[in-house]
Amino acid sequence: MDKILVVDDEEGVRHSFKKILARKGYHVVTAKDGLEAIEKAEEERPSLAIMDINMPKMDGLETLQRLKSIDPDLTIIIMTAHSTSERAITAMKHGAYDYLTKPFDNTSIMSLIEKALAERKMPAPSSSVEIVDDRGERIIGKTPAMLDIFKKIGQVAGSDATVLIRGESGTGKEKVARAIYHHSTRVNGTFLPVNCAAIPENLLESELFGHEKGAFTGAESRKTGKFQQCHNGTMFLDEIGDMPILLQSKLLRVLEDGTFQRLGGKEMIKTDVRIIAATNKNMKEQVKNGEFRDDLYWRLNVVCIPLPPLRERKEDLEDLIAHFIKVFNIQLGKNIFGVTPELMNEFIHYEWPGNIRELQSIIQRGMILCQKDLLDHEDCEWDPQRSDFDVEQRDVEKSLSDAAHELLKEKGLNIHKEAVSLFESILVNKALEMNNNNQVLTAKFLGISRNTLREKIGKKKGSSVPEK
Ligand SMILES: Nc1ncnc2c1ncn2[C@@H]1O[C@H](COP(=O)(O)OP(=O)(O)OP(=O)(O)O)[C@@H](O)[C@H]1O
Ligand SMILES: [Mg+2]
């Protein structure tokens, strides 16, 4: 386990750090001032130091420089009373990894330490790596932000660290997740995508963790959950921000020690799954609002890859367009060379709310109609003033389509009977919930008569969806 040096002139601070870190299994050495810190660093060779910036004898900044000259690879985290302090910023310039503002809580300290140590262990990426996803397709981008992302993918792929990919809809989150998997040592294991927003809340637990026979009405036999199926593989938890709060604690447990219980079961099951999660939500905000557990957030956030929206990297437009034209020329058997300068100009001035996915679908639509060498505005049937790209609507459609995929694949349901009635029953259930179980309001809300609603509720009672 890593050795950590804690440097602070206050005995209480040293003591409490020692307690928390030792509990996590770290080997801790302490020093009460800069001089002692230098001695300990020479003797003990720690991997990481946490250090107060205001100390007697030798000041924190000078200590930092001396420590770095002993071991340039030592990761140093500075503690300060004011986040905007000039000294903290100077410390960062002199090679401190990060700084913490007092007072701080144990969760954020631990996650910062774990993140810093995980990053130390990442192999240095070779500068010539070409990042491709698991289908062998390149991730297009040459802007500095994208180059940083490629570097990070290269660094993180080799470790088993949990990764959180953030970004607006259509920015390439799944593509990045697949690239990490493709470049990881788990590439021969499964890559299992799970869209947390697409699976109804009352089914998600049994989907992920499985259930025992009789765990709920309709659970006729034991079911193996995705965490067990994905043993030795990589799970992509898409739309993690939509995971119900009750399930979050169960996920935290899996992340901490790889164990879980099936729904209705007592047996502790062990699994070895690497988690890559993605979200388009502001998770810090969700934590603040109590919608997301902060301990789980910190756990998932060990390495974070924020994907820039397309409007912030328009220099990549040209390459992306060329890439999609090449792909669709093959798919459609066409021989289109590029886009007209007028269309290119419109593309450059457009804000791209649906990001790369939107660009891809405009080019695809245009290329189906295009009969010339160059794609033009008319072919694309696109009005940049009135984009029909409704992000929210598309999110709903995507969730429904993922859910349909899950149901049909997992359960082999008969499309016209079971799947449709299951969807309908979930819809009716939600509508009732949103209208406080008031049938008159629910019928109005759904635009159906009360009798029809009653009929549907009657059907719902006979369905096999587990009751909440
Ligand atoms: N850098 C890129 N190079 C080439 N294709 C890309 C790139 N980024 C995204 N794409 C393509 O754009 C589409 C959307 O990407 P992806 O599904 O990974 O986005 P996402 O962020 O997961 O979107 P959503 O939030 O809608 O799920 C995919 O078809 C993907 O192949
Ligand atoms: Mg996605």
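In the contact between two of the helices, I153, V156 and A157 of α6 meet V176, A179 and I180 of α7, where two residues count as in contact if their C-beta atoms, placed from the backbone, lie within 7 Å. By class, this contact of α6 with α7 has six nonpolar, no polar and no charged residues; Ala, Val, Leu, Ile, Met, Phe, Trp, Tyr, Cys and Pro count as nonpolar, Asp, Glu, Lys and Arg as charged, and the others, Gly among them, as polar. Helices (H or I, at least four residues) are DSSP runs, numbered from the N terminus.

The model is predicted, and local features need pLDDT of at least 70, side-chain atom pairs count only at pLDDT 80 or more, and totals for chains, interfaces and linings use all residues. Residues are numbered from 1 along each chain as its sequence is written, while chains are lettered from A and ligands numbered from 1 in the order in which they are written.

**Helix packing**

Two packed helices are described by the angle between their axes and the distance between the axes. Axes are lines fitted to C-alpha atoms, for helices over the stretch in contact, and angles run from 0 to 180 degrees between N-to-C directions.

| Helix pair | Angle | Axis distance |
|---|---|---|
| α6 (residues 144-157) and α7 | roughly 40° | within 8 Å |
| α13 (residues 317-332) and α15 | roughly 45° | within 10 Å |

The helices α6 and α7 are therefore oblique to each other, given that angles under 35 degrees count as roughly parallel, over 145 as roughly antiparallel, 65 to 115 as roughly perpendicular and the rest as oblique. The crossing of α13 and α15 is right-handed, a term used if the near helix is turned clockwise from the far one by less than a right angle. On the α13 side this contact involves L320, I321, F324, I325, F328 and L332, and on the α15 side I356, L359, Q360, I363, Q364, M367 and I368; its residues divide into eleven nonpolar, two polar and no charged.

**Around the ligand**

Helices α7 (173-182) and α15 (355-369) each supply at least two residues of the shell around ligand 1. Of the 17 residues around this ligand, I140, G172, K173, E174 and K175 come nearest, a residue being near if its C-beta atom, placed from the backbone, lies within 6 Å. The shell has three nonpolar, nine polar and five charged residues, and draws at least three from each of domain 2 (144-306) and domain 3 (311-386), with domain bounds that come from an automatic or database domain assignment.
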